[in-house]
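Good morning, and thank you for making time for this item.

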Amino acid sequence: MPSTRGKRKEYLTVKDLQKVLDSCKLHLNEIDEVWPKLYIGNVVVAQNKAALLNLGITHILNAAHSKRGSIGNQSYYGNSIVYCGIPADDSTHFDLDVYFQPAADFIHRALRSPDGKVLVHCIMGMSRSSTLVLAYLMIYQHLTLKQALQKLLQKRAIYPNRNFLALLIDLDLQLMRKKKTCQIL
């Protein structure tokens, strides 16, 4: 019988990811460029049209879109910024994964547009927004979850909640399976 020593597949757990997140020594800023032309920020910077204009932001993905329609809709930004709102709750029960692909598609299209710069935000810019950016990096930049997390932690203090981390682990496994299937074919 062949030896399996050294061939054991290591899967990430939520606890593993939380340890990585806990190692971050950065202070939380209003906004940070976490990937070329891709920013994560909080609601304060998202409401500051002058700051957005100075940064050259062309697209906003609001991961805390309110159905009540105050700040955070296309009419607030007018024609100067393309807006996409996701009515996500930062809770242990919210299925943010249904928005992974649409959010990643929005970010990808925005970054491919001429002079495209994207701000992804929620209230604090730590959990919902960072989860959607991680999903984008995994889907379109073909990074593993661990690689994407390490890239973001070099640029911004983030902390997706436990539920979102579990959903990202599922996405990571799906993408790995898909990659293996494509290699076999």
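Predicted model: local features only at pLDDT ≥ 70, side-chain atom pairs only at ≥ 80, totals over all residues.

Residues are numbered from 1 along each chain as its sequence is written, and side-chain values use heavy atoms, with hydrogens and water left out.

Let me start with the make-up of the chain. The protein chain has eight helices and five strands. Here helices (H or I, at least four residues) and strands (E, at least two) are DSSP runs, numbered from the N terminus. Read from the N terminus, the order of elements is α-β-β-α-α-β-α-β-α-β-α-α-α. The chain comprises 185 residues, of which 44% are buried. Buried means under 20% relative accessible area, exposed means over 50%, and partly exposed lies in between, with a 1.4 Å probe and protein chains only. Contact, throughout this talk, means heavy atoms within 4.5 Å. Of the contacts between residues at least 6 apart in sequence, 74% join residues at least 24 apart.

I turn now to the helix contacts. Helix 6, residues 128-140, packs against helix 7, residues 145-153, at an angle of about 125 degrees, and the axes are 9 Å apart. The axes are lines fitted to C-alpha atoms, for helices over the stretch in contact, and angles run from 0 to 180 degrees between N-to-C directions. Helix 6 is therefore oblique to helix 7. On the terms used, angles under 35 degrees count as roughly parallel, over 145 as roughly antiparallel, 65 to 115 as roughly perpendicular, and the rest as oblique. A crossing is right-handed if the near helix is turned clockwise from the far one by less than a right angle, and left-handed if anticlockwise.

Which residues in helix 6 and helix 7 meet? Helix 6 contributes Ser 130, Val 133, Leu 134, Leu 137 and Met 138, and helix 7 contributes Leu 145, Ala 148, Leu 149 and Leu 152. By class, the residues of this contact are eight nonpolar, one polar and no charged. Ala, Val, Leu, Ile, Met, Phe, Trp, Tyr, Cys and Pro count as nonpolar, Asp, Glu, Lys and Arg as charged, and the others, Gly among them, as polar.

Helix 7 also meets helix 1, residues 14-22: the two axes come within 10 Å and cross at roughly 20 degrees. Helix 1 is therefore roughly parallel to helix 7. The crossing of helix 1 and helix 7 is right-handed. Leu 17, Val 20 and Leu 21 from helix 1 meet Leu 145, Leu 149 and Leu 153 from helix 7. That contact has six nonpolar residues, with no polar and no charged ones.

Two residues in helices also deserve a word. Val 14, in helix 1, is buried, with a relative accessible area of 15%. Beyond its neighbours within four places in sequence, Val 14 is in contact with Arg 162, Leu 165, Ala 166 and Ile 169. Val 14 and Ile 169 are 155 residues apart along the chain, yet their C-alpha atoms are separated by 7.9 Å. Leu 111, in helix 5, is buried at 13% relative accessibility. Leaving out residues up to four places away in sequence, Leu 111 touches Pro 36, Lys 37, Leu 38, Gly 116, Val 118 and Tyr 136.

Next, the aromatic side chains. There are three aromatic pairs in the structure. Rings of Phe, Tyr and Trp (its six-membered ring) pair if their centres lie within 6.5 Å; planes under 30 degrees apart count as stacked, over 60 as edge-to-face and the rest as tilted. One of the pairs is Tyr 77 with Tyr 83, stacked at 5.8 Å centre to centre and 25 degrees between the planes. Both Tyr 77 and Tyr 83 are buried. Phe 94 and Tyr 99 form another stacked pair, with 6.3 Å between centres and 0 degrees between the planes. Phe 94 is buried at 16% relative accessible area, whereas Tyr 99 is partly exposed at 25%.

Finally, the backbone. Most residues other than glycine have a negative phi. Asp 115, not a glycine, has a positive phi of about 60 degrees. Asp 115 sits in the loop between helix 5 (100-112) and strand 5 (118-121) and is exposed, at 67% relative accessible area. His 142 likewise has a positive phi, near 60 degrees. Is His 142 buried or exposed? At 62% relative accessibility, His 142 is exposed, and it is found in the loop between helix 6 and helix 7.
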